[in-house]
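Open the structure in your viewer and keep the selection panel handy. We will go stop by stop, picking a part and looking at what is there.

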Protein chains: 2
Amino acid sequence: MKIGIVGGGQLARMLVLAGYPMGLQFQVLDPAIDACAGEVAPLIRSDYDDENHLQQLADWAEMLTFDFENVPATVASTLKRQAAGFYPPAEALAVAQDRLHEKTLFWELGIPTPPFATIDSLEELHDAVARMELPAVLKTRRLGYDGKGQRVLRAPEDLKPAWEALGGVPLLLEGFVPFQREVSVLAARGHNGEIAFYPLVENTHRDGILRLSRAPLLAPQLEREGWNLARRLLERLNYVGLLALEFFVLDNHLIANEMAPRVHNSGHWTIEGAVTSQFENHLRAVLGLLLGSTAAVGHSIMLNCIGAMPERAAVLAVPGAHYHAYGKAPRPGRKVGHLTLWAEHPQDLQTGLDRLLPLVGLESPG
Amino acid sequence: MKIGIVGGGQLARMLVLAGYPMGLQFQVLDPAIDACAGEVAPLIRSDYDDENHLQQLADWAEMLTFDFENVPATVASTLKRQAAGFYPPAEALAVAQDRLHEKTLFWELGIPTPPFATIDSLEELHDAVARMELPAVLKTRRLGYDGKGQRVLRAPEDLKPAWEALGGVPLLLEGFVPFQREVSVLAARGHNGEIAFYPLVENTHRDGILRLSRAPLLAPQLEREGWNLARRLLERLNYVGLLALEFFVLDNHLIANEMAPRVHNSGHWTIEGAVTSQFENHLRAVLGLLLGSTAAVGHSIMLNCIGAMPERAAVLAVPGAHYHAYGKAPRPGRKVGHLTLWAEHPQDLQTGLDRLLPLVGLESPG
C-alpha cells in the first residue's frame with residue numbers, strides 16, 4: 001500500500017517510521033531539500049502549489065495525507081481531482097487554517113472559547129479591546145504556529161506596536177484566559193465513524209512553544225469533558241485521521257484554544273506510552289482499518305528539544321529515557337527532537353525528570 | 001553517527017527503524033537488489049566478499065555491525081583494516097559459524113550441550129551412532145539456519161540417506177534431546193562489560209523454523225540458570241552487542257542448542273513488550289552507550305509469518321495485535337514478517353491468540 005504525505009517534517013518522518021512495520025510504502029512532498037522525512041522515505045522536492053508534482057505524488061500513491069494543516073487550498077482542490085483519496089477531509093484543513101473559522105465552528109458546536117473579534121484596522125483593535133478588556137492576544141488569522149504570529153496585549157500602549165508588527169493581514173483578537181493548566185485531547189476517527197480517544201495530556205508551553213507533555217493526566221471529569229467536546233468536532237467535520245484539540249483549564253472547565261487536523265506534538269509520548277501510537281492510529285484511520293487501543297501503558301513525560309539535541313549518551317544514561325532525533329539541523333527555536341521518559345509508576349518519573357530537564361534547557365517543569 | 005550494516009534482511013531493517021529515532025544514519029550492504037532493509041536505508045548491492053564495496057561501506061561508516069553471522073571470514077579481515085570499528089567481535093562470528101567450534105566453546109565453559117561428534121564419512125557416522133544411540137541429528141557444521149542443513153536420524157536405515165543428502169561438507173552429529181520445551185536467553189553487553197539480560201523467552205518451532213515466542217516466561221530458576229550460562233559466553237568472547245542463546249529444557253535444566261551473535265527472531269517481542277527493544281540495545285552496545293532497561297512491559301506473544309503475510313486488516317482487528325511486515329516478496333518457507341500480540345495481563349492474551357493463530361497457519365500454539 002502506497003501512501004503520499006504532503007509535508008516532510010518530523011510528523012511525516014514519524015508517520016513513515018510507524019508505517020513501515022505495517023507494510024506501507026511512502027513518498028513525501030516538501031519544498032525543502034533537507035526535509036527531515038526525506039531521510040527515511042523518498043522525497044519529492046516541490047512547492048506545495050506545484051500542480052505537476054502534486055499530481056506525480058497522487059499518481060504514485062493509493063492514499064494521501066498531510067503532516068501540517070497550512071496546505072494551500074489549491075492543494076486540496078488539485079488532489080480532489082486525483083484518483084487517490086486523501087484524509088483528513090479538506091474542510092478540516094480549511095477550518096484549522098483560519099482562526100476565525102475555527103473559533104466560529106467551536107462556537108456553533110458549543111465548544112467554549114475565549115471571547116474573540118476580527119481585527120482589520122487599528123481602530124477596530126481599540127474598539128475590541130474596549131469591549132474585551134486586557135490582557136488579550138492579537139493573532140494572525142492564518143499561518144500561525146508555535147507562538148509565531150501573535151502578541152499579548154497587557155496595557156493600552158501595547159496596541160499600536162502589536163498592530164504595526166502583525167497588521168496588514170486579517171487578525172483576530174482573543175481574550176486572554178488566566179488558565180491554571182493546559183491540556184490536549186488526541187483522538188482518531190475511522191472511516192466507519194469509530195472514535196478512539198487518548199488519555200488526557202497535560203502540556204507546558206514556554207514562549208508559545210510546547211516544551212513538556214505529561215500523560216495520562218488522571219483527571220477523569222476533565223477528560224470526559226474534553227472527549228465530549230472533541231467528539232462534536234470530529235463528527236461535525238466527518239473527520240478521518242488523528243486530530244488534536246488544545247484546551248485551557250480554567251476553574252476545572254475547558255476552554256478550547258485551537259485544533260490541529262493531524263498528529264500532534266502533544267501526542268509523541270504515545271510511541272512508548274500507549275498501546276498504539278498516534279502515528280499508527282492516524283494511518284489506520286486513513287486506510288480504513290480498525291483503530292488500535294489508545295490506552296496508556298505506564299506513565300510518560302515528553303520533553304521537546306528546541307534548537308539542538310542534547311547529547312545522546314547523556315539522555316540514554318537516564319533509566320526510562322528514549323531519544324527521538326528528527327535529523328534536523330540545529331537552529332535557535334527549532335524543534336529538532338524530543339525525549340520521552342517512561343516509567344510504570346508515576347512516582348518513578350521524578351528522578352529521571354530531574355536529570356533530563358537541564359538537558360533540554362528547562363530547570364523546572366514550569 | 002553513521003552505521004554500516006553488513007546484511008540487509010529483516011534484522012537490519014528493524015535495526016535501522018530502531019536507530020532513526022536515535023539520530024543514527026545507516027547504509028546496508030547485501031547481495032540482493034531487493035534486500036528488504038534497502039527499503040528503509042541506502043543499499044550497497046554487493047557480494048559479501050567484494051573488498052571494494054566493503055571498503056566503501058567502511059569508509060562511509062563510523063561503526064559497523066552485522067545482521068547475520070555467516071559473513072565470510074574475509075569480511076572480518078577486510079573490515080579489521082578499516083578505520084571504523086565493528087561489533088560483535090570477529091571471534092564471536094567465527095564461533096557461531098561452525099557448530100563444532102560453538103559446541104566446543106560451550107563445553108569449555110561448562111555450558112551443557114547434547115553429546116556431539118564430528119562426522120566426515122559414512123563410516124564415522126555409523127561409529128558415532130553406535131556410541132550415541134538414536135535418535136540423533138546430523139547437521140552441517142557451517143551455514144545451517146531455520147532447520148536447513150540437518151536431518152533427524154531415528155532408525156539405522158536413516159543414516160545412508162542423511163549422509164547422501166548432507167555429506168561432502170564437514171558434519172556434526174548431535175544427540176537428540178527429548179526436550180519438554182525450548183527457551184532462549186537474549187542479552188546485550190556493552191563496551192564497559194555491562195550486561196543486560198532480557199526475561200526468558202519460550203519458543204515453539206515447527207520443521208526447524210521458529211513459529212511462536214512467548215515472554216516473559218515466568219520461570220525464575222531456569223531464567224537464572226540461563227543468564228548465568230549466557231554470562232560465561234558473553235564474557236569469554238568479550239562480546240559487544242546483542243547475543244541470543246537457545247536452549248532445550250530437559251527435566252528443568254538447560255541444554256544449549258545454539259548461539260546467534262546478533263539480534264534474534266525470538267527477541268522481536270521486545271519492540272512492544274520491553275522497555276528497550278533488542279534492536280535499540282544492540283545499537284546502544286555497539287556505540288558504547290549505556291544499555292536500556294530490558295524489563296518486560298506486560299506480556300507478549302510473537303508469531304512468525306511464514307511464506308506470506310496475513311491480511312493487514314484481519315490482524316489489526318485483533319485488540320493488542322501489532323503487524324510487522326518486512327517488505328519481502330512471498331515465498332514458501334520464507335520469514336516475511338511477524339505479529340506481536342500484547343496485553344497487560346497474561347490471561348488477556350488467549351482470545352487474541354485464538355484469532356491470530358489461524359492467520360499464520362497455526363491451529364494451536366503447539
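Domain bounds here come from an automatic or database domain assignment. This is a predicted model, in which local features need pLDDT of at least 70 and side-chain atom pairs count only at pLDDT 80 or more, while totals for chains, interfaces and linings use all residues. Residues are numbered from 1 along each chain as its sequence is written, and chains are lettered from A and ligands numbered from 1 in the order in which they are written.

**Stop 1: the domains of chain A.** Colour residues 2–86 as domain 1, 115–175 as domain 2 and 181–360 as domain 3. Now show domains 1 and 3 of chain A, whose C-alpha centres lie 23 Å apart. Between them, 17 residues of domain 1 are in contact with 16 residues of domain 3 (contact: C-beta atoms, placed from the backbone, within 7 Å).

Which elements give two or more residues to the domain 1 side? Select helix H1 (10–19) and strand E4 (63–66) of chain A; helices (H or I, at least four residues) and strands (E, at least two) are DSSP runs, numbered from the N terminus. H1(A) gives the most, with seven residues. The domain 1 side divides into ten nonpolar, three polar and four charged residues (nonpolar: Ala, Val, Leu, Ile, Met, Phe, Trp, Tyr, Cys and Pro; charged: Asp, Glu, Lys and Arg; polar: the others, Gly among them).

**Stop 2: helix H4.** Select residues 90–97 of chain A, where Ala92(A), Leu93(A), Val95(A) and Ala96(A) are buried (20 or more other C-beta atoms within 10 Å of the residue's own). Look down the axis of H4(A): its buried residues fall within an arc of 165 degrees, so they line one face of the helix. The arc is taken from the directions from the helix axis to the C-beta atoms. Those residues pack against E4, H3 (73–80), H5 (99–108) and E15 (253–260) of chain A.

**Stop 3: where the chains meet.** Show both chains: 26 residues of chain A are in contact with 26 residues of chain B. On the chain A side, H11 (312–316) and E17 (321–325) are the elements that give two or more residues. That side divides into 17 nonpolar, seven polar and two charged residues.

**Stop 4: the two copies.** Chain A can be laid on chain B with an RMSD of 0.0 Å by a turn of 180 degrees and a shift of 0.0 Å along the axis, superposing by least squares on C-alpha atoms of residues with pLDDT of at least 70 in both. The copies are thus related as by a two-fold rotation axis.

Notes
Contact = placed C-beta atoms within 7 Å. Buried ≥ 20, exposed ≤ 12 C-beta atoms within 10 Å, placed from the backbone.
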